[in-house]
Amino acid sequence: MRRYGKNPDEDDIRVRPNPKGNRPRTNIRPKHEDAGEGLVLTVDRGRLTCLIDGRTVTAMKARELGRKSAVVGDRVAVVGDLSGAKDTLARIVRVQPRSSTLRRTADDDDPFERVVVANADQLAIVTALADPEPRPRLIDRCLVAAYDAGLDPLLVLTKSDLASADTLLESYGALGVPYVVTNRDELADGSAADRIRATLAGRMTAFVGHSGVGKTTLVNALVPERRRATGHVNAVTGRGRHTTTSALALPLPDDSGWVIDTPGVRSFGLHHVDPSRVIHAFPDLEPGTADCPRACSHDEPDCALDAWVTDGHADPARLYSLRRLLATRERREGD
């Protein structure tokens with residue numbers, strides 16, 4: 001075998017040709033300044049439906065986005081065929097900065113975060129008063145996730161014709177969460193939809209709740225021209241059947257706001273939530289933490305909030321509500 005010396009002649013050097021050409025690689029990426037601005041309406045198996053200038057356009061994520069994904073509610077920049085014609089496919093080249101991100105994990109031990117929706121400013125927590133029975137721990141977890149994401153919570157109670165809402169509302173009264181109570185007759189005659197629309201005007205609202213509580217039925221009443229399939233509650237297990245399999249953003253009539261229908265959840269893990277941030281949802285209690293010990297959990301003997309409440313700075317029910325929400329971070333929603 002021939003070996004090259006310290007000063008080989010040029011003729012002795014073998015140059016392996018580059019099959020991809022000799023153009024040098026660069027980190028410069030196109031700016032796509034002519035990209036259209038769109039809103040992600042739904043995501044299905046790698047295909048994203050976007051609303052661009054009043055048209056729905058099917059797109060896929062561009063390679064240059066890498067691991068960054070787009071979810072329902074995202075504002076995106078799209079290039080390619082933006083006509084929305086059948087069998088056309090555009091590319092999403094940028095995801096604009098989000099104003100909010102609602103996340104959840106499968107359970108409290110799961111470090112993998114799932115982004116539910118982006119850019120929502122209100123979270124409608126839908127729960128039935130009966131058939132299936134309400135699950136207060138799941139409501140508490142959704143409240144914690146809403147406060148952590150900076151969303152305003154809205155409690156929507158359905159099926160009040162089967163059970164009274166008084167007991168459940170009494171337990172959340174100290175939190176000051178706005179609420180709407182509905183029944184089947186009101187949904188049928190449209191009066192419930194009118195009352196709920198008043199709380200959604202000018203906002204992007206994500207609807208969450210476990211299966212069978214009537215979440216999609218509410219969305220169908222709010223946006224009747226875009227009806228989605230609904231299911232029923234299993235008489236044996238008391239659980240609903242998943243009929244909504246993907247999140248979908250829908251405009252309210254007269255473009256007065258947006259609703260996002262999400263698949264029913266069986267659990268709402270809070271692994272991603274730092275418990276120290278929950279106090280920010282209690283502005284009447286937060287000043288009282290100034291004298292708390294370092295890394296105070298706000299549920300220990302030396303917590304300064306007890307003295308703050310005793311001195312009359314806040315309602316004791318508010319402190320109880322804070323500690324109940326903090327406790328949800330430490331236990332599963334079914335407990």
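Which residue forms a salt bridge with D140? R137 does, with the closest N and O atoms 2.5 Å apart.

This is a predicted model, in which local features need pLDDT of at least 70, side-chain atom pairs count only at pLDDT 80 or more, and totals for chains, interfaces and linings use all residues. Residues are numbered from 1 along each chain as its sequence is written, and side-chain values use heavy atoms, with hydrogens and water left out.

**View 1. The D140 and R137 pair in helix 1.** The two residues sit 3 positions apart, about one turn of the helix. Helices are DSSP runs of H or I with at least four residues, and strands are E runs of at least two, numbered from the N terminus. Both D140 and R137 are buried. Buried means under 20% relative accessible area, exposed over 50%, and partly exposed in between (1.4 Å probe, protein chains only).

**View 2. R98 and D74 form a salt bridge.** Their closest N and O atoms are 2.8 Å apart. R98 lies in the loop between strand 5 (90-95) and strand 6 (101-104), and D74 in the loop between strand 3 (55-61) and strand 4 (75-80). R98 is partly exposed at 31%; D74 is buried at 0%.

**View 3. R184 and D131 form a salt bridge.** Here the closest N and O atoms are 3.8 Å apart. R184 is in helix 3 (residues 184-189), 53 residues from D131.

**View 4. D121, D152 and R203 are linked in a salt-bridge network.** A salt bridge is a side-chain nitrogen of Lys or Arg within 4 Å of a carboxyl oxygen of Asp or Glu. The structure holds 16 salt bridges.
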